Amino acid sequence: MRVVPYQEIMQEKLARQEKLLKMGAKRDADGHCFHVGEISPGCRMCFTQEPGSGIQIGTQCMCKCPYCYYDPNRLEESADSIKNKISDFFYQSLRPEQYKATTFSYQSSGETLYYINELEKIALILDNMEKQTGIHQYRFLYTNGILANKEMLIRLKENLGVHEIRFHLSASNFSKLVLKNMELAKEMGFFVTVEEPSWPHHREEIMELLPFFEKIGLKHLDMVEVQISDYNRDAIEKCYPEDKWRAYKDHFYHMYDEGLVYDIMEEVINKGYHFSVIDCSSAVERCRQCKTNQPFRPKIKSDTLKGMCAPWDYGYEELNSATEEQMKKFKDSLIKK
Ligand code: SF4
């Protein structure tokens with residue numbers, strides 16, 4: 001793999017985008033969101049200044065993906081650190097008038113479902129906050145899907161209030177078990193998303209799965225351009241030793257997918273599939289990273305977001321500061337639990 005100038009990749013991407021725009025793809029959020037169909041409401045906050053929230057718990061995972069950007073030798077997060085995260089969240093919840101997040105993501109730097117017991121505690125706090133703020137949060141959860149059996153899915157629905165599950169299929173080498181779990185999740189009424197690294201070695205598997213995605217009613221396919229970190233650089237080099245594979249620098253270094261996501265989009269349009277596809281590229285990562293630290297934050301005009309995401313009623317308009325009486329009730333209810 002070799003690093004090439006940013007412009008070389010952008011020129012190629014733009015040429016593909018122009019062709020896809022004529023076929024019905026869209027470019028929103030001032031050019032940063034390139035997609036086909038209405039993307040998941042969970043993606044919206046990456047492009048806007050709107051508040052989103054989430055929790056990242058635990059570090060352990062049963063898989064060993066070569067592109068994983070976390071340290072493969074990371075230690076397990078201590079029980080104390082996890083407890084602290086839960087209590088921090090609890091203290092935040094005592095000031096619901098300041099909590100305006102419209103989305104919430106359950107995630108981990110390992111496999112999220114290993115930490116279901118801890119996440120259930122977070123969900124109890126979230127449920128109470130939702131009642132206080134009147135915001136109908138869009139909740140989504142990331143998983144490699146291996147543990148997402150029926151019992152687990154019931155807990156996600158009933159206890160965690162999850163609306164969307166994002167499955168990472170290649171972690172299990174696209175195992176039948178995970179595909180089945182995904183199908184079951186759809187039957188149980190979750191919005192089902194596949195979130196995959198745009199990894200050229202998986203071209204065949206993903207292309208072959210597109211009809212299955214359509215058949216089960218997949219909502220959204222999120223193809224993430226692989227981010228290169230100190231931890232995955234050597235493993236990526238091993239998988240892509242030849243010079244024809246390219247990387248480039250945006251906010252981070254990324255491995256160029258050599259057009260994989262655009263080939264998928266073309267196929268989805270040509271076959272008339274109903275799920276959306278996003279090019280979750282280095283540009284999206286830049287948007288996400290710049291969001292928090294920008295001294296100057298222009299408001300993105302709402303018409304650059306129109307039609308970008310599937311509709312979701314966040315109830316944001318009804319957002320009210322809690323009265324003192326409401327606050328008291330809220331605190332009492334938490335103490336009882
Ligand atoms: S499933 Fe996720 S956390 Fe686990 S190794 Fe793969 S990329 Fe890393």
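This is a predicted model: local features need pLDDT of at least 70, side-chain atom pairs count only at pLDDT 80 or more; totals for chains, interfaces and linings use all residues.
Which residues in H1 meet which residues in H8? The legends below begin with that contact.

View 1. Residues are numbered from 1 along each chain as its sequence is written, and side-chain values use heavy atoms, with hydrogens and water left out. Lys-13, Arg-16, Gln-17, Lys-19, Leu-20 and Met-23 in H1 meet Tyr-262, Asp-263, Met-265, Glu-266, Ile-269 and Asn-270 in H8, where contact means heavy atoms within 4.5 Å. The residues of this contact of H1 with H8 comprise five nonpolar, two polar and five charged; Ala, Val, Leu, Ile, Met, Phe, Trp, Tyr, Cys and Pro count as nonpolar, Asp, Glu, Lys and Arg as charged, and the others, Gly among them, as polar. Helix H1 spans residues 6–23 and helix H8 residues 260–271, and they pack at an angle of about 10° with their axes 11 Å apart. That angle makes H1 roughly parallel to H8, a label for angles under 35 degrees. Axes are lines fitted to C-alpha atoms, for helices over the stretch in contact, and angles run from 0 to 180 degrees between N-to-C directions. Helices (H or I, at least four residues) and strands (E, at least two) are DSSP runs, numbered from the N terminus.

**View 2. Arg-16 is found in helix H1.** Not counting residues up to four places away in sequence, Arg-16 touches Gly-259, Tyr-262, Asp-263 and Glu-266. Arg-16 and Glu-266 are 250 residues apart in sequence, yet 9.8 Å apart in space, C-alpha to C-alpha.

**View 3. Helices H2 and H3 lie side by side in contact.** The axes of helix H2 (residues 79–93) and helix H3 (residues 116–133) come within 10 Å and cross at roughly 5°, and the two helices are therefore roughly parallel to each other. On the H2 side the contact includes Ile-82, Ile-86 and Phe-89, and on the H3 side Ile-122, Ile-125 and Leu-126 are among the residues met. By class, the contact of H2 with H3 has eight nonpolar, two polar and two charged residues.

**View 4. Nine strands form an open sheet with mixed pairing.** The strand order is S2-S3-S13-S9-S8-S7-S6-S5-S4, and two strands pair if DSSP finds at least two bridges between them. Strand S2 (26–28) and strand S4 (53–56) stand at the edges, each with a single partner strand, so one side of each is left without a neighbour in the sheet. From one strand to the next, the twist averages 20°. Strand S5 (residues 103–107) runs parallel to strand S6 (residues 138–143) and is joined to S6 by four bridges; Phe-104 has Arg-139 as its bridge partner in S6. Helix H5 (residues 176–187) packs on the sheet, touching strand S7 (164–167) and strand S8 (191–197), and its direction makes about 165° with that of S7.

**View 5. His-163 is found in the loop between helix H4 (150–158) and S7.** Leaving aside its neighbours within four places in sequence, His-163 is in contact with His-136, Gln-137, Tyr-138, Arg-139, Phe-190, Phe-191 and Trp-312. The C-alpha atoms of His-163 and Gly-189, which are 26 residues apart along the chain, are separated by 8.3 Å.

**View 6. Nine residues, by class five nonpolar, three polar and one charged, form the shell around the ligand.** The ligand is surrounded by Cys-61, Cys-63, Cys-65, Cys-68, Arg-74, Gly-110, Asn-144, His-168 and Ala-171, a residue being near a molecule if one of its heavy atoms lies within 4 Å of it.

Terms used. Angles under 35 degrees count as roughly parallel, over 145 as roughly antiparallel, 65 to 115 as roughly perpendicular and the rest as oblique.
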